[in-house]
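Have the viewer open as you read.

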Amino acid sequence: MAFDLIKEKGTPLDKQKFTWRELAGQPFSKLDVDAFTRIRVILMNGIESEALRFSHVFSRAHGELRETLARVRRTEQHQQTMINWLNPADQSPLETTIGYEQVAIEVTAALAQLEPDPYLKSIYDFGLLEDFDHMYRYSALMDRVEGKDANNILQSYTDILPGRPTAVEHRDPADDIRNPYEKTSTDPQSKLNAITIVSGEFQTHDYYMTIGPLFADPLARALYAEIASIEEQHVTQYESMMDPNETWMERWVLHEANEAYNYYSCVESESDPRIKEIWERFLEYELGHLQVAMDVFKELEKRDPQEILPDKIPAPIPYQSQRDYVRDVLESQAHLRAKGPKFVEPELEDRRSVKYRQQLGKDGVPSEIVAENYDWKPGTELAQPLDRLLEKIA
Amino acid sequence: MARAQKLGLNKTPLQVHPTHAKRMLEKKSKSETGWGEPPDAFERYHLALIKDSKAVGSVPIPGSVKGIATTGIKKITGKNQEIFLDKLGERLAFERSGVRLYDALILKYKASEELEYVSLKELEDIRREELEHFRLLQETMNGLGADPTGMTPSADLTGVMALGFVQVITDARNDFSACLEAILILELADNDAWLSLIELSDGFGQEELSKKFSNAFEEEEEHLLKVRSWLSHSTRKKAGL
């Protein structure tokens, strides 16, 4: 399915309507859904959340656009609701957390491979291994506190292994700031990737901040506090890739284009027919929003939005297991640390980050405690290995 | 870790703030919006959605597990297989979570002052038996050609119910005796569920399985008796009886 981002009109804004019944409609089945459908649902909730967040901050800076932005935002709000409410009630906060980290791993790995800029790619690789480790820690928590197997959510698409240990991810803020792309010379794919990843990480941070205190187990509470702090670091890191000289209007057009791109990616890969229809509908809505944004862009900046958009819609984000890529990055880069905008060998890490994490960890490090000697087994640590089961029965 | 129940700090009853309560009661709280929803809208909304909803999910299709033999386990087919596997999966999930809940209870025991009515060994014995029950169900499902790592629909629902127990028992503020209430409910449910599984096994002519499940049930009956006794002791002790 090829289409022209600029020429496709999509659904006009005044035709974008909803009912409460459809916003809070049938969720997917946690048991029967393909994990990549859940991944798409989680990511697109993040994409819409970022759309709302950006639009609100933009509104505070541009009074003349308040009503226009509020109109577009109203649909984004309801799109976000319809998407996020696809999550079923039997999917617990911790199970959803596993889903969130699977998004972070699989989507970041996919973006890293789509990324044309080597430096920006290295940032995705660096962050990827940290979310990968979060998955391992949360899996240990799920096993040891709830007696459940995270692989029921992951469906074997994603490994449960230690990454760059969460304990060493805590850094001084100066070591989370990366060099930004330069807006006039960078490939539009890089800009779309940046918005996608910031969207994902921001919603993950907000999610952990919301659900962390809902856990009764004291180590669970502490683990969420620890990992939420890293997610804030990730938002800082990925956000810092964006050129601070981009204008508000450029950012708006890019946001809408990115939303369309992401829905297009979902349409191309979705296996659930009912949910695919939602992606198709919302792709048309975003094309409608993009038209609004481009009209305002032309009026205010007196420029053609084609200047900042890709010539044609890029190849869709692939929704498939990135296991081999992740293992390669893990093998070669897990040991790296950050010093300012660069990635360095551990001995070159700035003392400020070492001291920072030593202070936080002086009463114990939750991510280390929860996963001590944790080695994921199918059916949890308590299960008999399947080959022993076979011996007993034969 | 003694947690005395203090009087006077709880702010939830109406009488705590009589002046404010009186002010609240001055106003009629019924909505006069006149939106036009019928009086039975609450029920109709729910009924419509309940009728439209599908089940939480399906039972995993048994795959062929290389090398399995069916010694002592008879093949079951069709609808019976689905129900049996679903219930086996449920019990498996319950027992596995039960092990972790006893892990949490043991931590509460270790954090307590001397409890003369219960010993660490008794708790560890129950924990060991829950683990054995989980592994029995793993072997059983494997023997039927099913994958015991999957989550069946009833296992899923049991997981949702168990979250309440997890929240109570892992909360550091709830001492050993507060957690016993939750454990009692767990053991009551466990007992009845094993009886149900034995009935199903009998109904499907699975004599060997029925014997093994009956042994597990006897152990669960012991668990229930013990937990009841501990809770009774604990409550009487707190009441100074």
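How many helices and strands are there in chain B? Chain B has seven helices and zero strands, where helices (H or I, at least four residues) and strands (E, at least two) are DSSP runs numbered from the N terminus. Read from the N terminus on, its elements run α-α-α-α-α-α-α.

A word on the ground rules. This is a predicted model, in which local features need pLDDT of at least 70, side-chain atom pairs count only at pLDDT 80 or more, and totals for chains, interfaces and linings use all residues. Residues are numbered from 1 along each chain as its sequence is written, chains are lettered from A and ligands numbered from 1 in the order in which they are written, and side-chain values use heavy atoms, with hydrogens and water left out.

**The two chains**

Chain B has a radius of gyration of 24 Å, well over the 18 Å that the globule rule gives for 241 residues, so chain B is more spread out than a compact globule. The radius is taken over C-alpha atoms, and the globule rule is 2.2 Å times the number of residues to the power 0.38.

Chain A holds 14 helices and two strands. Its radius of gyration is 21 Å, close to the 21 Å from the globule rule for 394 residues, so chain A is as compact as a globular protein of that length.

The table sets out some further values. Buried means under 20% relative accessible area, exposed over 50% and partly exposed in between (1.4 Å probe, protein chains only).

**A covered helix**

Helix H9 of chain A covers residues 248–269. Its 22 residues reach 32 Å from the first C-alpha to the last, close to the 32 Å expected at 1.5 Å a residue; the expected span is 1.5 Å times one less than the number of residues. H9(A) is mostly covered, with 18 of its 22 residues buried.

Lining residues have an atom within 4 Å of a point. Grid points are joined across faces, edges and corners, and a volume is the space filled by probe spheres set on the points.

The largest pocket holds about 970 Å³ of space. It is lined by 36 residues, of which A:Gln26, A:Pro27, A:Phe28, A:Ser29 and A:Pro88 are the closest to its centre. Two or more lining residues come from each of helix H1 (20–23) and helix H4 (93–114) of chain A, and from each of helix H2 (41–52) and helix H5 (153–170) of chain B. H4(A) gives the most, with three residues. By class, the pocket lining has 15 nonpolar, 12 polar and nine charged residues. Here Ala, Val, Leu, Ile, Met, Phe, Trp, Tyr, Cys and Pro count as nonpolar, Asp, Glu, Lys and Arg as charged, and the others, Gly among them, as polar.

Across the whole structure, the search finds seven cavities of 30 Å³ or more. The largest cavity has about 80 Å³ of space, and its lining includes A:Gly147, A:Lys148 and A:Asn152 along with B:Leu92, B:Arg96 and B:Met151. Helix H3 (78–111) and H5 of chain B each supply at least two lining residues, and H3(B) gives the most, with five. Four nonpolar, six polar and two charged residues make up this lining.

**Some loop residues in chain A**

Most residues other than glycine have a negative phi. A:Gln155, not a glycine, has a positive phi of about 55 degrees; A:Gln155 sits in the loop between helix H6 (151–154) and helix H7 (188–211) and is partly exposed, at 25% relative accessible area. A:Asn373 has a positive phi of about 60 degrees, lies in the loop between helix H13 (366–370) and helix H14 (386–393) and counts as exposed at 69% relative accessibility.

A:Asp117 is in the loop between H4 and helix H5 (118–146) of chain A and is partly exposed, with a relative accessible area of 26%. Its C-alpha atom is separated by 8.0 Å from that of A:Asp187, 70 residues apart along the chain.

Note on methods
On a 1 Å grid over the protein atoms alone, a cavity is a set of points where a 1.4 Å probe fits but cannot get out, and a pocket is an open set with protein on both sides within 12 Å along at least five of seven lines; lining residues have an atom within 4 Å of a point.
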